[in-house]
Amino acid sequence: MNRRVLIGIFETEDAILEATEAARLRGLRIVDVFAPYAVHGLDHAMGLQRSKLPWVCLLLGLAGAAFKVWFEYWTTASDWPVNVGGKPWNSLPAFVPITFEVMVLFAGVSTVLAFFGMSRLWPGRKAVLLDGRITNDCFALVLEQDNAAFDVDEVEDFLRRHGAARVEEREQEVLR
Amino acid sequence: MAEVCSPLRPALIAGDKKPAGVTEDICRALLRPPSALWWGGFSVAFSLLLAGVAAVSYQIATGVGTWGLNTTVGWAFDITNFVFWVGIGHAGTLISAILFLFRQKWRTSVNRSAEAMTLFAVMCAGIFPIIHTGRPWLAYWLFPYPNFRGPLWINFRSPLAWDCFAISTYFLISAMFWYIGLIPDLATIRDRLQPGLRQRVFAILSFGWNGSYRVWQHYEVLYLLLAGLATPLVISVHTIVSWDFATAVIPGWHATIFPPYFVAGAIFSGIAMVLTLMIVARKAMGLEDYITHRHVDAMCKLLLLTSGIVALAYATEFFTAFYSGNTYEQFVFLNRARGPFAWAYWTMVGCNVFVPQLLWFRSVRRRLAIVFVLCILINVGMWFERFVIIVTSLHRDFLPSNWAGYQPTIVEVATLLGSFGLFFTCFLVFCRVLPVIAMGEVKAVLRHGKSHGEQA
């Protein structure tokens, strides 16, 4: 499926922030914004929901810790108990350091994998670039022409008023 | 959130750069052929690495008997080196994670290379306990895995098992943190290169990054989460390293002060190593606009702070020994300061407590040559700190008939030099193949195109 989009190219951080905010308030459909670095506040300007990654981190971290406590208990006190210096079979306080490390390991690895999954990034994936300068120094605001009421000339004018250096109309394949 | 832009403070990045200028500067340093200086450094580092490989092969083939250890001093050079290298690594995490949480924007110029340094230092550290096991081909026995010996599991109550988990988790998390930070920069380089093998490699490594803000949003959260995980992790790692000693009943080791003392010492030596590398890289790669006097100044102040903590720990140890009324404890500390290893003890105190005091003076902090020398002295001092803790506590134990000396053999010295060879070889290769400055992060702290200014 293809869609028609209008792309505004901006040169500065201030301009893209302002234009994105204005486009959202005007009710235009923002497909995405492309930026060479993480612009502070752009997520609010685009009206994005908060990322769910912290939940992955919390839940998998807790799962890792719980698994490790169980594993340490099972190996040390149940499967093959070995008397080490007369210490109790179930030496919970001594299990704390490794439990902590395993929690961090589970939380970290699973959050990274979840990030790659959610963002659909993988080694060797072909990058679909709007403009060769995106990863260098320019910003792009992509608006979808979602209905017949979308007046290209008017929106182009609107983008230019908000500091767009260049405006392009393109046909784009819908990736997701 | 109100942001403050002070006209009195110099910009973080000098030269009033624009984002394209940053890409240009960093990629230029990366894409031009290596200089004679680089080849010089590389040949020295690589020769040391080869010497280390020879020494390690010889000692693995022959046995740990090639070392100067004896029945009294059973830990010496190798564990000193291990603790030293783990400590070096900690500054990288401090700069990349802890300073990120504290919103210290100056970190953007140094975090990439500091994180790389962490990885290489942890690699160097890992070698020593593995060869110390005597049969390194059985090193996987350190991990619990189902086996045909029972299955017999590892002893989870042992600090050595904790160490194994702590160091491997630390290495993995640091590596991921570093790589996540690299992805946008790899994409920047990919889009600048002409089609060819190099471009294809960068295309694979950059995971199809295209600058979409929907991805940037998750990316920022991921970065924050990893920083939040790495911060307690780094503290836990050196805490656990200190427990290798503190859980033993040896006077001089059995102290509750060890975890904070070790963590502060680790950050102290690590910052000194970061500064050493940065002062060289700045000059050699022409990065004067990115690593400015302001960065050096900030790191010097961190050195001063951690030196103070380390000095306080030295004093506290003596006081505790005196106040405990325990003769063995008192003997160990007097023996440190006045016994056969007094020279090592006073080298440690001189380099770690007295030398850094010079950093109180602004004129010293602004003279990079002096800072460079101070940093090297601090690292000498920190190496001796670990040596003093380990060897002086062991060499005169409870029974005078057991007392012994310790002298490293040529094999041990070659292994230490080899670890420096590995570290610098890795670092020099890193400087040539990957961007040493986090372009994406530096662009975000430039003053260009921002009305809300820069926050320090």
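Helix axes are here lines fitted to C-alpha atoms over the stretch in contact, and the angle between two of them runs from 0 to 180 degrees between their N-to-C directions. In the predicted model, helix 8 of chain B, which spans residues 258–284, packs in this sense against helix 13 of chain B at an angle of about 145°, the two axes lying 9 Å apart. The crossing of helix 8 of chain B with helix 13 of chain B is left-handed. Helix 8 of chain B contributes G265(B), F268(B), S269(B), A272(B), M273(B), L275(B), T276(B) and I279(B) to this contact, while helix 13 of chain B contributes L368(B), V371(B), F372(B), C375(B), I376(B), I378(B), N379(B), M382(B) and E385(B).

Within helix 11 of chain B, which covers residues 342–354, the buried positions are Y345(B), M348(B), C351(B) and N352(B). Viewed down the axis of helix 11 of chain B, these buried residues fall within an arc of 145°, and they therefore line one face of the helix.

Chain A contains five helices and four strands, which follow one another along the sequence in the pattern β-α-β-α-α-α-β-α-β. The radius of gyration of chain A is 25 Å, whereas the globule rule gives 16 Å for 176 residues, a value well exceeded here, so chain A is more spread out than a compact globule. Taken along the principal axes, the C-alpha atoms of chain A fill a box of roughly 80 × 30 × 30 Å. Of the 176 residues of chain A, 39% count as buried, and among the contacts in chain A between residues at least 6 apart in sequence, 77% join residues at least 24 apart.

Between the two chains, 57 residues of chain A are in contact with 54 residues of chain B. On the side of chain A that touches chain B, at least two residues are supplied by each of helix 1 (13–25), strand 2 (29–34), helix 2 (42–46), helix 3 (53–79) and helix 4 (92–119) of chain A. Helix 4 of chain A provides the largest share of that side, with 16 residues. The residues on the side of chain A that touches chain B divide into 34 nonpolar, twelve polar and eleven charged.

Methods
Residues are numbered from 1 along each chain as its sequence is written. Chains are lettered from A and ligands numbered from 1 in the order in which they are written. This is a predicted model: local features need pLDDT of at least 70, side-chain atom pairs count only at pLDDT 80 or more; totals for chains, interfaces and linings use all residues. The radius of gyration is taken over C-alpha atoms; the globule rule is 2.2 Å times the number of residues to the power 0.38. A residue is buried if 20 or more other C-beta atoms lie within 10 Å of its own, exposed if 12 or fewer, and partly exposed in between; C-beta atoms are placed from the backbone. Two residues are in contact if their C-beta atoms, placed from the backbone, lie within 7 Å. The arc is that of the directions from the helix axis to the C-beta atoms. A crossing is left-handed if the near helix is turned anticlockwise from the far one by less than a right angle, and right-handed if clockwise. Ala, Val, Leu, Ile, Met, Phe, Trp, Tyr, Cys and Pro count as nonpolar, Asp, Glu, Lys and Arg as charged, and the others, Gly among them, as polar.
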